[in-house]
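Here are my notes on the model. Please read them with the structure open.

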Amino acid sequence: MVCVMTNTGMIAENFFPKATGKAFEPSRYLAHFEPVRGRYSVMNGLSHPDNSGGHVVEKSFLTGARFPASAVFKNSISVDQLAAESLGHHTRFPYLALGVNGQHDGLLSVSRDGVFIPPELSPAKVYQRLFTPDTAEESKQRMREIGQRVSTLDFVNEKAKRLSRSLGAEDRARLDQYLTSVRELEQRLEQARVWQQREKPHVAAPAPQDITDNTQDVDRARLMYDMALLALQSDSTRIITLYLNPLEVTVKVPGVSDRTHTLTHHGNEPAKLAQLANVEEAGMKNLGRFLGKLAAVNEGGSSLLDETAVLFGSNMSNGNNHSNVNLPILLAGGRFKHGQHLQFDPKNNTPLCNLFVSMLQHMGLERDAFSTSTGTLSGLDLA
Amino acid sequence: MRRSTCSLLLATILPFLPTTLRAADADLRGYLEAHCFDCHDSATKKGGLDLEALPMQFDAGERFEKWAQVHDRIAAGEMPPKSRKVRPSEKENADALKRLDDQLHAADAARVAKTGRALFRRLTAQEYENALRDLLHLPGLRIKHLLPEDERRHGYNKIGQALDLSNVHLNQLMDAADLALTAAIATRSTPPPVRRDRYLAASGTEMWNWVARGDAVLLKDKAFDPLLPLPAANENLWGAPGDDLRKQRNTALGTRLRDYPHAIGFFTGPFERTFSQTLQWSPVYAGRYRILTSAWGFWWERGKVEPPHRNESFMLSVWLPSDGPRFIHSPMRRLGMFDVPTLESRVHEHTGWLDVNEELVFEIGTLTGYEKNTGRWASQSPGSCAAHSGPGVALDWFEVEGPIFEQWPPRSHTAIFGDLPIRALPKDSGLVVPKREPVRQRSRTGGGRPATRDLTKDETAPPLESVFSEHPQEDAARLLAQFLPRAFRRAVPVEEVQEYVRIVTRELERQACFEDALKEACKAALCSTDFLFVGDSVLTDAKAPRIRLTDRAIAERLALWLWNSVPDEELIALANEGRLHLPENLKKQTDRLLADSRSDRFIADFTDQWLDLRKIDATQPDTKLYPEAREHLKHSMIEETHAYLRELITHNISVTHLVKSEFAMLNQSLADHYGIAGVTGCAIRKVELPGDCPRGAFLTQAAVLKVTANGTTTSPVTRGAWINERILGNLIPPPPAGVPALDPDTRGAKTIREQLDKHRSDARCAGCHAKIDPPGFALESFDVIGGFRDRYRSASSGSTAMDFHFASGWDPKVRLNQPVDPSGQLPSGESFKNLADFQALVLRQPEALANNMLCQLLMYATGSEPHYSDRREIARILAQAKASHYGIRSLLDAIVQSELFLTK
């Protein structure tokens, strides 16, 4: 499962094809997806109920938690973390949270306690974690460090448990989070200890160099997509989230001279809209390239794309008015029957979490509900 | 259907309730039947409120909130609505409100008595960083960026319910603790050598390109140095066409600039672009450094140096550490701003902590812009500097001395290891070698000074040294007995110290050296709840009306509030003696904490949260519409708001000054921006304002106006909601679902007022928007960076061109379009023509402002959401504070002495 979110919104008429159903002419952006035609579906009319407030809806994009703009908002577990809880143990990394340009108002992956999981922003570091073999010395040191950390966790756990007898209920809930964190971290470290003794997978691709100029946003995103591809190819993980944040920068794309955020507040000025379209298109080309590469990886009869459901979308539809309904959503890959443009009720949206349920089921989880879902996504069937 | 079941249930319970309660309820019910049920019974349920079915029970949750809302709307005179003809008498209202208030208060107070208002919670990321900085005496320690950003409730991350913890987070806290301890521990027996080097302006190779292009000039004896001749009037030095010419000029310069003893003058282009240039100096050791800069100001007139027309300033900043090369937009922190008012060279000094691989950057302050690709340089016009005229700043040299340590080993080290010696660790000791970071120049900028080759062998390949203990068990016990009480803010019994000593023993058995073994014990301490969590966790006397905090918890609260950190030794000592809670000690400590420079952290953090200043970089002003926006201005804006709050506290100035002020805290950049004459220099100072000037108060400060706009447009709704909640204290409900978003049209065909017309014309919208919008309309007179306007700017439409009065005469071609209409009407019906009228109307109710200020401070200081049962105490504090016109310091002092602060 791969979940990609861009926080800019999308110019609807460039993203969505004009026709609905199966035989649609690709839109301007989707014209770049020809190599994977028929292997993706576009959906219009999806959003999270009780989710409005513009940028702040980033927080709940993968969780569906209600009222993200509220002063007392409490987030819930994201769909990728839910999958990782059950399936993460199969791979060295239960999940990979990746990002380009760090945080804007929120992040993608959310743990069970509603806490954001910070994404890895450096492709070089991702490569290093996944593939760069440790020297014998490094390995010994790592095992030692893991051992020390586990001992420390045992120690603080004992001390904290003694506390809990004297606490009131609400205070105890806070402490329980600490105790749960200690326990879960110990489990993760134990698993890390096991994996530390196994060789890391070998890949032909060389270690990348990070691009530090953040106006090279397109290239930076492409590099991160490449890392995601390597991670899936090597089965280092089966669950990836990718947070794209072009809003903060002036993206180096021909014709663009202003920060993406300023462009999204185009006020319907044609000059700004044109620049924004260029930025969005570049992002979509990156996605198309990623999907094409997934399709080219053979896994004994089927391609990696056939095995991996890739979700792409944004928490906003129209950046100019900060609308959070009728979100631009695309699902590619997996064993779904693709090649369609699904149109749901634009005035009464279908919950985006329905798509998440479909994705969870595709991964083999026996769940028929997730957050604000009302079922699986109708019209999206398995092949 | 559920509601009628409730009513049925109520009917069966009612006979069993005590008679007095029933009587009060019956009176209340009578009031509701007479004045509310016409609209709010089960049949009509106007606005979704069914008072008939709402049971008179006040357990926490939605029911309680609804009754509280009923109380407040009646108290505010909003209900029954004005349109109603038969109205309750004053006495009827007072009685009903009292009955309701008694119920609400009693129910809430009962809950608070059992659980307290504030939770036992973990430290926030900023508190954690500050705590480690203080505990380890490492003022420049940076670890906050390793931790996830904290969530907030009601805008504050100090409230326990917002502060969750996951295993991911815990792992990062452990990483941060490790980093902090590593930074604290000395790895040499002698201090690193102190270097004092003076670098001539041209010694940094990165400067040379500017000179070759003609965007910077060589200046000797305050005049143009013809060492590199001026370009001819038609020579083009820009871009690809200018390649050859630039190469020629570079060759002509050769390596002569390396030892060039005179100054380099930098100016900005017609668009007054940012000049931001690395000085190619980056510390090899973390520590305190003294930086001297010799600089002066000038006016450049097509090849001639003249005295500057006004004061300019430059900024000294540092790029944050990075593994890769850094650019103009790489993350930075600012060290300081300095003035260059005349042709005379001035030496400026800055002393402070620098981290390894932070890199010094020289920026021209008052003249800087922001985005690189929309500006123009001198070199972009034919003739380059020969054809350019404009202001400039010249740099003679800069000098760096350091790392300066008051003692060796440094305090950070002795805080853990006391005075144990640091000795060579023999290679055959059989112990695990402690990690050592190689000492070298880490900056990836070419030619970074000091270069690795300039370091001595002793520095780059030092002998392996580590702290030595002859009697590790005893030493560990002794040292931990010192460290733990400071970390845990309390006395630590011997048995508890022994638990940590056992960690040392365990590590020693695993062949660790003493340094690593004690480090592990300290790490465990820093990850334990004793360090990480604050607030009392013990339930005390169940009969008490509120749970009194221990002195330790009071010490924590006071320090977390006024220093955004953990208590220091003086506070801990007072707490250990059980004397902190005494009123005179509370007052003395408040005075001491506010007088200490660490209280700057409170000012910065509180304004970050209360006034959203942390969002200052969330959006960038549209470069086409706001070409006068400056990085220097942005820094000045933040300083203004900080200085203003400090001034209000120090001189106990009335809360009315949130809204209107007769003075402002300004520097030259701000004064220019606000159109106030006679302010020179980059230092912030108090300026008395002319009577009709709207500036000064938070309401009209540029920082506030910027964070309530989005860089391109302002929204009266956004600003109005913000003013209502942060300044006036009116809670604004979220918009109803299904309201289509507004599609702002900056082509200017419609003004924002026209677009928001439905807020007035549609009764369903007007209910809330009659309250939300008016402050926003009053502030429409201020643009996205807080500048005054009476017409909206547009790139394309409008009858007049805007005159920016740039020194160079450049016209960015921004047009002035629709006129601004800052008028409006308050929910009370009173109307205002402009901001001044609006201010006057708001100032008629200073108590409302004081009430809100108090609530904001209480949330921050006590880490608790507002509770209904707080109200009586708040009313008492306000009655007391009235005498000082609700001075801010008086409010602070009242909080410290209040039961809301001294109880859980």
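What share of the 383 residues of chain A count as buried?

1. The share is 61%. Bear in mind that this is a predicted model.

2. Chain A holds ten helices and eleven strands. Its radius of gyration is 21 Å, close to the 21 Å that the globule rule gives for 383 residues, so chain A is as compact as a globular protein of that length. The C-alpha trace of chain A spans about 65 × 50 × 45 Å along its principal axes.

3. Now the interface. Chain B brings 76 residues to the contact and chain A brings 66 residues. The area buried between the two chains is about 5,900 Å². Carbon and sulfur atoms give 47% of that area. On the chain B side, B:Asp164, B:Asn167 and B:Met174 lose the most area to chain A, together 10% of what that side buries.

4. The rule finds ten salt bridges across the interface of chain B and chain A. A:Asp171 forms a salt bridge with B:Lys904, with the closest N and O atoms 2.8 Å apart.

5. Which helices of chain B each supply at least two residues of the side that touches chain A? They are helix 7 (167-184), helix 13 (494-509), helix 14 (514-527) and helix 15 (529-532). Helix 7 of chain B gives the most, with eight residues. The residues of that side of chain B divide into 27 nonpolar, 23 polar and 26 charged.

Technical notes. Residues numbered from 1 in each chain as written. Chains lettered and ligands numbered in written order. Predicted model: local features only at pLDDT ≥ 70, side-chain atom pairs only at ≥ 80, totals over all residues. Heavy atoms only, no water. Contact = heavy atoms within 4.5 Å. Buried area = accessible area lost by both parts, 1.4 Å probe. Salt bridge = Lys/Arg side-chain N within 4 Å of Asp/Glu carboxyl O. Helix = DSSP H or I, 4+ residues; strand = E, 2+ residues; numbered from the N terminus. Nonpolar A, V, L, I, M, F, W, Y, C, P; charged D, E, K, R; others polar. Rg over C-alpha atoms; globule rule 2.2 N^0.38 Å. Buried < 20%, exposed > 50% of the residue type's maximum accessible area, 1.4 Å probe, protein only.
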